[in-house]
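Hi,

Here is the structure I promised to pass on.

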Amino acid sequence: MIKTQLLTSTGEWLTGNEDLVSRWRADQNSYIWIDLNGEEPAKEKQFLLSMNCHPLAVEDVQRFRHPPKTETFEDHTLILYRGITEFNKDLTIQQMTIALFAGERHLISCHPRNSLGISHYWENAHHENLLVSPGLLASRIMRFSVGRYLEAILAFEPSLNELEDSMQEKPNDEVMRELIAYQSRLRKLKRIFSYHEKLVTNLLKEIPQRLIDEDGDIEHALQDLFERCERLHGLCTMYYEICGDLINGYLSISSHQLNSTMKVLTVITAIFVPLTFIAGIYGMNFDNMPELHAPNGYFYTLGGMLVIAAGFGVVAYKKWL
């Protein structure tokens with residue numbers, strides 16, 4: 001579906017479909033926002049090329065799971081990032097690629113499904129007079145999406161605190177499996193947020209003159225967007241490291257418990273080795289063994305074995321246990 005918002009040179013605000021594009025072309029002082037929602041790839045490509053979008057940029061937009069990026073061309077700036085359609089408490093997410101083409105007098109947004117950020121500003125662009133600043137409008141849309149990521153990550157913090165308390169009070173394999181799952185999901189999110197941070201960093205390093213000349217403070221808008229992306233990446237990295245520390249702590253505790261168990265078993269083995277040796281010697285059935293004919297030989301041997309066991313036990317308890 002293609003829908004448009006047009007601000008004419010006379011200040012008239014119109015909404016409609018792609019028919020408004022021809023009116024925008026005829027009015028050199030008008031501004032337009034064109035939203036392509038779930039368009040077929042062939043039709044989407046044809047339309048973007050008709051709007052003088054660079055063929056390589058169109059290929060990036062339609063490439064499956066292309067990493068977030070920004071690139072400036074002669075007539076427009078491409079911002080390609082990952083929006084979210086669903087973010088659950090267990091950090092499982094559903095994403096979609098959102099492309100924004102910010103030109104001199106136009107903004108083109110492409111997305112396969114409904115986007116909350118685009119829907120939000122589609123309703124509020126008129127009140128905030130954002131059509132006259134396509135670059136600023138694009139940064140606001142991405143800022144809204146990053147804000148949704150940030151809210152979801154901050155909502156995860158109490159769950160992580162509960163897991164940390166559980167690991168300290170009563171560690172078990174179930175909590176361990178949950179932590180490993182969270183760490184894996186946080187690793188994926190950290191990669192996405194790293195892309196977003198680099199994207200905004202590249203925009204800040206070389207802000208296209210076209211965006212600077214627009215109405216609105218694009219420099220501060222991009223700086224605010226960068227700070228949000230940086231905070232998001234930092235939080236995700238911190239939570240990832242906390243999960244890793246908790247996992248390593250659980251493994252250390254388990255290893256310590258195993259070492260303690262092995263120490264006890266080793267001590268028991270050390271105590272019974274000499275006793276087994278004595279029993280093995282006197283278990284041999286040779287006639288020429290004087291001790292076998294001693295009237296009290298059994299009791300002497302058994303008493304010696306008890307003394308040896310008690311002596312080893314006392315030494316093991318004082319030095320090892």
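To start you off: which residue forms a salt bridge with Glu12? The partner is Arg23, and the closest N and O atoms are 3.5 Å apart. (A salt bridge here is a side-chain nitrogen of Lys or Arg within 4 Å of a carboxyl oxygen of Asp or Glu.)

Before the rest, some housekeeping. This is a predicted model, where local features need pLDDT of at least 70 and side-chain atom pairs count only at pLDDT 80 or more, while totals for chains, interfaces and linings use all residues. Residues are numbered from 1 along each chain as its sequence is written, and side-chain values use heavy atoms, with hydrogens and water left out.

Salt bridges

The structure holds 6 salt bridges. In the one above, Glu12 lies in the loop between β1 (2-7) and β2 (13-16) and Arg23 in helix α1 (residues 19-26), so the pair ties together parts that are 11 residues apart in sequence. (Helices are DSSP runs of H or I with at least four residues, strands are runs of E with at least two, and both are numbered from the N terminus.) Glu12 is partly exposed at 37% relative accessible area, and Arg23 is partly exposed at 42%. (Buried means under 20%, exposed over 50%, and partly exposed in between, with a 1.4 Å probe and protein chains only.)

Glu39 and Lys43 also meet in a salt bridge, at 3.9 Å from N to O. Glu39 is buried at 15%, whereas Lys43 is partly exposed at 39%.

Then there is a network of salt bridges linking Asp60, Arg63, Lys69 and Glu71. Within it, Lys69 and Glu71 have their closest N and O atoms 2.7 Å apart; Lys69 is buried at 19% and Glu71 is partly exposed at 31%.

Aromatic rings

I have 5 aromatic pairs for you. (Rings of Phe, Tyr and Trp, the last by its six-membered ring, pair if their centres lie within 6.5 Å; planes under 30 degrees apart count as stacked, over 60 as edge-to-face and the rest as tilted.) Tyr121 and Phe144 have ring centres 6.4 Å apart and planes at 85°, so they are edge-to-face. Tyr121 sits in helix α4 (residues 116-128) and Phe144 in helix α5 (residues 134-169), so this pair ties together parts 23 residues apart in sequence. Tyr121 is buried at 6%, while Phe144 is partly exposed at 27%.

Tyr149 and Phe193 are edge-to-face too, with centres 5.1 Å apart and planes at 75°. This pair links distant parts of the chain, from Tyr149 in helix α5 to Phe193 in helix α6 (residues 173-205), 44 residues apart. Tyr149 is buried at 0%, and Phe193 is buried at 1%. Ring pairs also join Phe156, Tyr182 and Tyr239 into a cluster.

Largest pocket

The largest pocket has a volume of about 480 Å³. (On a 1 Å grid over the protein atoms alone, a pocket is an open set of points with protein on both sides within 12 Å along at least five of seven lines, and lining residues have an atom within 4 Å of a point; the volume is the space filled by probe spheres set on the points.) Of its 22 lining residues, the closest to the centre are Val61, Phe64, Met96, Thr97 and Pro112. The largest share of the lining, 6 residues, comes from β6.

Note on methods:
On a 1 Å grid over the protein atoms alone, a cavity is a set of points where a 1.4 Å probe fits but cannot get out, and a pocket is an open set with protein on both sides within 12 Å along at least five of seven lines; lining residues have an atom within 4 Å of a point.
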